[in-house]
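View the structure first, then read on.

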Amino acid sequence: MVLTYALEPNLTPAAFIDILVRSTLAERRPVDRDEVIQKMLAQADIIVTARADYRLVGVSRALTDFAYCTYLSDLAVDEAFQRRGIGRELIRRTHQAAGLHTNLILLAAPKARSYYPHIGMENHDSCWITRAIS
């Protein structure tokens with residue numbers, strides 16, 4: 001198996017939804033709303049993919065000002081490919097693309113809370129959110 005990583009700003013909505021489903025992140029993303037998924041991809045500043053023999057097995061999607069902060073809004077790795085360092089490498093490459101001088105910020109999915117300290121990220125005890133109005 002050959003693993004390759006790339007910046008893929010033109011990742012298709014279908015491919016993005018597929019990896020969200022295979023990673024379980026689809027449980028917390030609007031995968032049933034095509035127009036929202038399209039905007040999520042179109043407005044992302046950085047999209048990094050991981051492919052195993054050309055098959056999409058991971059993706060990170062980030063928003064950044066390229067100066068101070070980078071918000072890693074989606075990190076998804078196919079469940080069958082987890083625990084192989086793919087998530088860590090996607091994070092590293094996302095941060096590198098934004099600039100290592102930026103602060104990389106993410107909100108952990110409930111199932112992934114224990115993962116981030118394991119790869120050296122610091123916990124921040126203050127996060128505030130105003131939920132979307134449906």
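Strand 4 (69-77), helix 3 (86-98) and helix 4 (115-118) each give at least two residues to the lining of the largest pocket. Helices (H or I, at least four residues) and strands (E, at least two) are DSSP runs, numbered from the N terminus. The model is predicted: local features need pLDDT of at least 70, side-chain atom pairs count only at pLDDT 80 or more, and totals for chains, interfaces and linings use all residues. Residues are numbered from 1 along each chain as its sequence is written, and side-chain values use heavy atoms, with hydrogens and water left out.

**Largest pocket**
- The largest pocket holds about 1,400 Å³ of space. Its lining counts 44 residues, and Leu 25, Arg 28, Leu 107, Ala 108 and Ala 109 are the closest to its centre.
- A pocket is an open set of points on a 1 Å grid over the protein atoms alone, where a 1.4 Å probe fits, with protein on both sides within 12 Å along at least five of seven lines; lining residues have an atom within 4 Å of a point.
- Grid points are joined across faces, edges and corners, and a volume is the space filled by probe spheres set on the points.
- Strand 4 gives the most to this lining, with seven residues.
- By class, the lining has 24 nonpolar, 10 polar and 10 charged residues. Ala, Val, Leu, Ile, Met, Phe, Trp, Tyr, Cys and Pro count as nonpolar, Asp, Glu, Lys and Arg as charged, and the others, Gly among them, as polar.

**Second largest pocket**
- The second largest pocket has a volume of about 860 Å³.
- Its lining has 24 residues; Leu 106, Met 121, Glu 122, Asn 123 and His 124 lie nearest its centre. Helix 3, strand 5 (103-105) and helix 4 each give two or more residues to that lining.
- The lining divides into 13 nonpolar, six polar and five charged residues.

- Five strands form an open sheet in the order 1-2-3-4-5, with mixed pairing. Strand 1 (3-7) and strand 5 are the edge strands, each pairing on one side only.
- Two strands pair if DSSP finds at least two bridges between them.
- Strand 4 and strand 5 pair in the parallel sense over three bridges. Tyr 71 has Ile 105, in strand 5, as its bridge partner.

**Cysteines**
- The whole structure has zero disulfides (a disulfide is a pair of cysteine sulfur atoms within 2.5 Å).
- The sulfur of Cys 69 is 13 Å from the closest cysteine sulfur, in Cys 127, so it is too far for a bond.
- Cys 69 is partly exposed at 27% relative accessibility, and Cys 127 is partly exposed at 44%. Buried means under 20% relative accessible area, exposed over 50%, partly exposed in between (1.4 Å probe, protein chains only).
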